[in-house]
Amino acid sequence: MVHVRDVVSPTFTGFDSWRDPRGTLLCAPCAWAYRTPQLRTHSHRITTTPSCTQLTALQVCQVLVAGALPADTALSVPLHPGRKHLVPGLQWGTVRIDDTNLSWTAADAERLVVMRDLRRRGFGARALTQPSPAWDILRRRPADEWQGIQDQFAQLHPWRVARAWLALGVAITKENT
């Protein structure tokens with residue numbers, strides 16, 4: 001066991017997620033999760049084997065387009081690197097971003113493939129938040145692609161409503177364009 005004061009700074013505000021916020025000790029794995037700066041600045045895949053692997057955005061994208069996240073795996077993806085302790089809040093079978101654990105289904109994997117394709121066609125982060133394709137980008141594509149692009153934009157609608165998935169998709173498809 002490790003004293004809390006030796007692990008987190010006096011300005012730490014994440015006690016509300018702790019089982020006993022007044023506790024004075026942390027277990028060794030929890031201390032590691034809070035002390036390791038790379039866990040706040042880079043994406044990681046953690047499995048029950050146990051294994052902790054640092055991933056690039058491209059690797060995160062590859063894991064997530066493969067389908068639903070297995071129940072023995074969790075991903076941490078810092079959208080604002082260095083600002084949040086993600087690993088202590090991980091749940092198996094989810095993707096942790098900032099203060100949220102996102103379920104990841106086969107439908108989400110399909111949406112991510114769509115988003116990646118739209119990014120490759122020239123649609124940036126701001127354009128993807130809109131309900132329909134921006135004309136200035138669409139007109140640069142061959143006319144026979146327009147209906148397909150509009151259909152792809154419609155497929156992303158659930159993520160525009162649940163914006164956390166959209167933010168994750170935008171972050172991890174940036175390198176894939």
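## Threonine 173 and its surroundings

The backbone oxygen of glycine 169 lies 2.8 Å from a polar atom of the side chain of threonine 173, where a polar contact is a pair of N or O atoms within 3.5 Å, of which, within protein, one must be able to donate a hydrogen and the other to accept it, and residues adjacent in sequence count only if both atoms are side-chain atoms. This is a predicted model, in which local features need pLDDT of at least 70 and side-chain atom pairs count only at pLDDT 80 or more, while totals for chains, interfaces and linings use all residues. Residues are numbered from 1 along each chain as its sequence is written, and side-chain values use heavy atoms, with hydrogens and water left out.

Threonine 173 belongs to helix H9 (residues 163-173); helices (H or I, at least four residues) and strands (E, at least two) are DSSP runs numbered from the N terminus. With a relative accessibility of 0%, threonine 173 counts as buried, a class that means under 20% relative accessible area, as against over 50% for exposed and in between for partly exposed (1.4 Å probe, protein chains only). Leaving aside residues up to four places away in sequence, threonine 173 touches Cys61, Leu112, Met115, Arg116 and Arg119, contact meaning heavy atoms within 4.5 Å.

## Aromatic pairs

A search of the whole structure finds three aromatic pairs, counted when the ring centres of Phe, Tyr and Trp (its six-membered ring) lie within 6.5 Å, with planes under 30 degrees apart taken as stacked, over 60 as edge-to-face and the rest as tilted. One of the three joins phenylalanine 123 and phenylalanine 153 edge-to-face, at 5.2 Å centre to centre and 70 degrees between the planes. Because phenylalanine 123 lies in the loop between helix H4 (106-120) and helix H5 (125-128) and phenylalanine 153 in helix H7 (residues 146-155), this pair ties together parts that are 30 residues apart in sequence. Phenylalanine 123 is buried at 1% relative accessibility, and phenylalanine 153 is buried at 0%.

Tryptophan 135 and tryptophan 146 also form an edge-to-face pair, since their ring centres are 5.2 Å apart and their planes stand at 80 degrees. Tryptophan 135 lies in helix H6 (residues 135-138) and tryptophan 146 in helix H7, so this pair links parts 11 residues apart in sequence. Tryptophan 146, at 27% relative accessibility, counts as partly exposed.

## The chain as a whole

The protein chain has nine helices and seven strands, and its C-alpha trace spans about 65 × 35 × 25 Å along its principal axes. Buried residues make up 39% of its 177 residues.
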